[in-house]
Amino acid sequence: MSIKVSNVSFTYYKKTPNKYQALHDISLEIPSNSFTGIVGHTGSGKSTLVQLFNGLLIPDSGRIEIDDKFVIEGGKKKVKHVRELRKHLGLVFQFPEYQLFEETVEKDVAFGLRNYGVDEKTALEKAHKTLVSLGLDESYFKRSPFELSGGEKRKVALAGILVLEPKILVLDEPTAGLDPKSASDVMHLVAKLHEQGTTIIMITHDMDMLFRYCERVLLLKDGRLDYDGDPTNLFTKPEDELSIEIPKIFEFIQILNKKGLKVPYSEGKSKRNLIDFIAERKANK
């Protein structure tokens with residue numbers, strides 16, 4: 001088990017006239033080594049939920065258990081061992097590049113390690129290795145992060161979390177604002193981390209990306225868990241029961257199936273597989 005959420009509720013501005021309950025009695029489990037997507041309209045509670053996972057917010061009630069190592073109790077003022085928790089569970093905010101602040105790329109990436117007591121030499125060596133894994137070679141190490149492109153800044157910000165080697169990686173809209181090439185690079189890296197055993201939790205509005213990468217989806221609606229299960233089962237629900245758009249690739253497969261090709265939705269996880277499948281079906285007719 002990676003994360004177990006039991007009867008969790010959260011309210012903003014509790015003691016003011018503007019109080020707003022963002023989450024209502026949420027219960028769910030996210031298994032280890034899984035790739036889970038979280039979807040829902042703006043204000044549905046997605047970002048609130050993931051900020052509870054690493055103690056940035058504390059629930060009003062309920063309980064969150066993470067890998068049998070950390071417990072977040074509702075109603076408490078503090079989370080025990082919160083520094084260790086945030087190293088274990090890395091949270092990458094939407095537009096994380098706005099959090100860059102050091103004078104060089106290498107110092108920015110090494111900052112988290114230095115904050116955990118790692119000596120400067122070791123921290124920089126690990127920062128360099130992480131940057132290279134993201135496609136940023138040594139020519140980037142001494143550059144100012146503020147001189148980089150949007151995609152490069154996103155990679156540097158992501159490196160600052162990955163250098164801590166979290167067991168669980170939570171991403172809030174990881175490709176928002178990126179060009180297609182940069183978005184593809186980031187998701188390729190995330191998929192690789194998942195293959196290596198990292199538990200991935202991703203908030204996204206991109207249904208095609210969700211369908212391609214996620215094994216499971218959590219749909220939040222008005223602060224409540226409206227669906228928890230396989231993406232294909234969600235998107236094959238009747239239109240009047242869906243509160244989100246279906247992926248474009250899913251719509252395309254539906255059109256093909258109406259024409260009698262009988263394409264399994266699973267083939268849509270990869271465009272190459274889908275093309276090969278269609279070509280084979282047509283060749284056998």
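In which helix does Thr48 lie? Thr48 lies in helix α1, and the views below, all taken from a predicted model, begin with this helix before moving on to the sheets, the pocket and the cavity.

**View 1**
Helix α1 comprises residues 46-53, and six of its eight residues are buried, so the helix is largely enclosed by the rest of the structure. The buried residues are Lys46, Thr48, Leu49, Val50, Leu52 and Phe53. Thr48 has a relative accessible area of 7%, and because buried means under 20%, this residue counts as buried. When its neighbours within four places in sequence are left aside, Thr48 is in contact with Phe10, Tyr12, Ala22, Leu23 and Leu57. Just after α1 comes Gly55, which takes a positive phi of about 80 degrees.

**View 1. The open sheet of four strands.**
In this sheet the strands follow the order β2-β1-β4-β5, and their pairing is antiparallel. The edges are formed by β2 (20-30) and β5 (70-73), each of which has a single partner strand, so one side of each is left without a neighbour in the sheet. From one strand to the next, the twist averages 20 degrees. Strand β4, made up of residues 61-66, runs antiparallel to β5 and is joined to it by four bridges. Within this pair of strands, Ile64 has Ile72 of β5 as its bridge partner.

**View 2. The open sheet of six strands.**
Here the order of the strands is β6-β7-β8-β3-β9-β10, and the pairing is mixed. The edge strands of this sheet are β6 and β10, each of which pairs on one side only. Neighbouring strands are turned against each other by 15 degrees on average, with direction ignored. In a regular strand the side chains alternate between the two faces of the sheet.

Strand β9 (residues 216-221) and strand β10 (residues 224-229) run antiparallel and are joined by five bridges. Along this pairing, Leu218 has Asp228 of β10 as its bridge partner, while Leu220 stands opposite Leu225, also in β10. The hairpin has two residues between its strands, and Asp222 takes a positive phi near 55 degrees in this hairpin.

**View 3. The largest pocket and its lining.**
The largest pocket has a volume of about 640 Å³. It is lined by 24 residues, of which Leu91, Gln99, Gly160, Ile161 and Leu164 are the closest to its centre. Two or more residues of the lining come from each of the elements α2 (82-88), β6 (89-92), α3 (105-115) and α5 (150-162). By residue type, the lining of this pocket divides into 15 nonpolar, six polar and three charged residues.

**View 4. Helix α3 and what covers it.**
Helix α3 is one of the elements that give two or more residues to the lining of the largest pocket. The buried residues of this helix are Val105, Glu106, Asp108, Val109, Ala110, Gly112 and Leu113. Among the elements that cover these buried residues are α4 (120-133) and α5. After α3 the chain continues to Gly117, whose phi is positive, near 90 degrees.

**View 5. The largest cavity.**
The structure holds one cavity of 30 Å³ or more, and about 30 Å³ of space lies in the largest cavity. Its lining is made by Val92, Phe93, Pro96, Arg154, Leu158, Leu171, Pro174 and Val186. These residues divide into seven nonpolar, no polar and one charged.

**View 6. His188 in helix α6.**
His188 lies in helix α6, which covers residues 180-195. His188 and Tyr213 are 25 residues apart along the chain, and their C-alpha atoms are separated by 9.8 Å.

Notes:
Residues are numbered from 1 along each chain as its sequence is written. This is a predicted model: local features need pLDDT of at least 70, side-chain atom pairs count only at pLDDT 80 or more; totals for chains, interfaces and linings use all residues. Side-chain values use heavy atoms; hydrogens and water are left out. Two strands pair if DSSP finds at least two bridges between them. Axes are lines fitted to C-alpha atoms, for helices over the stretch in contact, and angles run from 0 to 180 degrees between N-to-C directions. On a 1 Å grid over the protein atoms alone, a cavity is a set of points where a 1.4 Å probe fits but cannot get out, and a pocket is an open set with protein on both sides within 12 Å along at least five of seven lines; lining residues have an atom within 4 Å of a point. Grid points are joined across faces, edges and corners, and a volume is the space filled by probe spheres set on the points. Ala, Val, Leu, Ile, Met, Phe, Trp, Tyr, Cys and Pro count as nonpolar, Asp, Glu, Lys and Arg as charged, and the others, Gly among them, as polar. Buried means under 20% relative accessible area, exposed over 50%, partly exposed in between (1.4 Å probe, protein chains only). Contact means heavy atoms within 4.5 Å.
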